[in-house]
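Work through the exercises below with the sequence and the 3D view open. Try each task before reading its solution.

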Amino acid sequence: MTSLYQRLKESGNPKAPMEVICDLIEKGKTAKEIANIMGITERWVRTLMKRKKDGLSAKELLHKKGPRSPHPKRTKPHIEALVIETQQKTNMGPRRLARELKRTLNLNISSYTIRNILRRNNVKTKKVRSRNGNKRYYANLNHWEALQYFQIDSKHIADAKTLPPKAYAALFKYRLPKYQFTAIDIKTRMRILCFSDECSFANGFSFILYIAFLMRALGIRHRMFFQTDNGSEFGGSEESRKRKILQEKFLEPLGVTLLSIPKGEKEAQGFVERSHRTDDEEFYIPALPHITSRKVFMTSAASWVKYYNQKRSHGGRDMNGKTPKEKIFELSLVSSKAATSIPPILLDKVNTFILKMVGAQNISWDSHHLLQLIKRKQFVAPYSEVICVTGQ
C-alpha cells in the first residue's frame with residue numbers, strides 16, 4: 001500500500017508532503033507518530049524536525065544546507081565567468097570550448113570541468129537543427145594528400161525552412177546572392193566559397209575551373225579529384241553528355257578527375273553538407289539580419305571564410321582541434337596563409353571570362369565530333385573505383 005508521504009509527493013505539489021509534516025510538528029506530534037502517519041522512517045522525521053528548528057521553510061526542508069565555504073579545488077569565479085562569456089560568444093560545446101581556451105588564452109581546463117560550470121550556471125549550447133539520422137560514409141583520409149580530394153556542392157541560401165524570417169527577408173530586400181558554391185578539402189577542411197544569383201551550369205562549370213586554376217597556381221602538382229552530386233549545375237549524372245565532355249576536353253588537361261556520388265546517397269557528400277550547416281548556424285542566421293547591401297555581404301563573407309579557415313578549430317576526425325591553416329602548415333604542402341585567404345567572388349560576374357579563357361563560351365554540347373572522341377577514350381573514372389568510402 002502506498003504511503004501518505006508518497007501519495008502527497010505524486011500529487012503535483014512538491015511542497016505538499018513538507019507542509020503536512022510541518023503542520024503535524026506544530027500540533028506537537030512526536031517523531032514516531034509522524035513517521036507512522038506519513039509512512040516514512042523516524043530518522044527522516046527527526047532530520048526534518050531539526051531542519052525546521054533552523055528556520056527553514058517547507059520548500060527548503062528537502063534540501064540540505066550547502067557548505068559554509070566553497071570547496072578549495074573549485075574553479076575560481078573569474079575563470080567561470082570567462083568560460084561562460086566565451087561560450088555565449090562562440091556557442092561551442094565543452095570539448096571545443098576547452099580547445100579554444102587552450103589555443104587562444106593558453107588556459108588548461110578539462111572539458112568535464114567546463115561541462116560542470118555550464119550546468120551550474122544553466123548555460124546551454126543553442127541547437128539550430130537536429131540530426132536527421134542518415135547513415136554516414138567513412139572516408140579513408142590517409143589515402144589522400146592535402147588539397148587533393150575536394151567535395152563540391154551548391155547551397156540554396158534563400159531557404160525559408162532554414163533561415164529565420166529576418167535573415168530570409170534581408171536576402172530579397174537587399175538583393176543579396178541566393179546561391180553559394182562550396183569546395184572543401186576533406187583532408188584539411190579548407191574551404192573556398194563563391195556566390196551567384198543563379199544556380200546555372202555556367203556558374204557551376206566556372207566554379208570547378210576556378211578551383212582547379214587556384215590549386216595549380218598555389219603549386220599543387222598531384223592529380224586532383226572533384227566530387228559533386230548529380231545536380232544540373234555540375235552537368236548532371238556521371239553518364240551525362242555534359243559530364244563526359246567536361247572531363248575530356250577541359251578537366252583532363254588540368255589533371256582533374258570529376259566524380260559523381262551514387263544517386264540517392266547524399267550522405268557521401270558529408271564533409272561539404274556538414275560545412276553548410278555550420279554556415280547557417282554561425283554566419284547566415286546571426287549575420288544576415290544586419291547586412292544591408294551586396295558590398296557588405298561580400299565583405300562579411302570574406303571575413304567568415306578567413307575565420308573558418310584560419311581561426312575556427314575543428315573537432316572532426318584527424319583534425320584534433322586544429323584549424324585548416326594549422327593542418328596545411330603541419331603537412332608542409334603549400335603556403336597555409338595563401339591557401340586559406342582566398343576571398344569569395346560573384347560567379348555571375350566572371351563566368352563569361354572563365355569560359356572564354358578555356359574556349360567554352362560557344363561550345364556545342366551536342367557536338368557529334370566530341371561524342372565520338374568520348375566513345376574512343378574513357379576519361380571518367382567510376383566513383384566506386386576512386387573514392388575510398390564505405391557505408392559499412
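Predicted model: local features only at pLDDT ≥ 70, side-chain atom pairs only at ≥ 80, totals over all residues.

**Exercise 1.** Find the order of the strands in the open sheet and state which strands stand at its edges.

*Solution.* 
1. The open sheet consists of five strands, and their order is 4-3-2-5-6.
2. The pairing in this sheet is mixed.
3. Strand 4 and strand 6 each have a single partner strand, so they stand at the edges and one side of each lacks a neighbour in the sheet.
4. On average, neighbouring strands are turned by 20° against each other, direction ignored.

**Exercise 2.** Describe how strand 2 and strand 3 pair, and name the bridge partner of H156.

*Solution.* 
1. Seven bridges join strand 2 and strand 3, in the antiparallel sense.
2. H156 has Y179 of strand 3 as its bridge partner.

**Exercise 3.** Determine which strands helix 9 touches and how helix 15 lies.

*Solution.* 
1. Helix 9 packs on the sheet and touches strand 2, strand 3, strand 4, strand 5 and strand 6.
2. The direction of helix 9 makes about 150° with that of strand 4.
3. Helix 15 lies across strand 3 and strand 4, at about 100° to strand 4.

**Exercise 4.** Identify the residues that touch the most other members of the largest nonpolar core, and the element that supplies its largest share.

*Solution.* 
1. The largest nonpolar core has 36 residues, of which F150, M215 and F226 touch the most other members.
2. Helix 9 gives the largest share of this core, 10 residues.
3. Beyond its neighbours within four places in sequence, F150 has contacts that include M215 and F226.
4. A second, separate core has 28 residues, among them I291 and W304.

Technical notes
Residues numbered from 1 in each chain as written. Heavy atoms only, no water. Core = buried A, V, L, I, M, F, W, Y, C linked by side-chain atoms within 4.5 Å. Buried < 20%, exposed > 50% of the residue type's maximum accessible area, 1.4 Å probe, protein only. Helix = DSSP H or I, 4+ residues; strand = E, 2+ residues; numbered from the N terminus. Contact = heavy atoms within 4.5 Å. Pairing = 2+ DSSP bridges. Axes fitted to C-alpha atoms, helices over the stretch in contact; angles between N-to-C directions.
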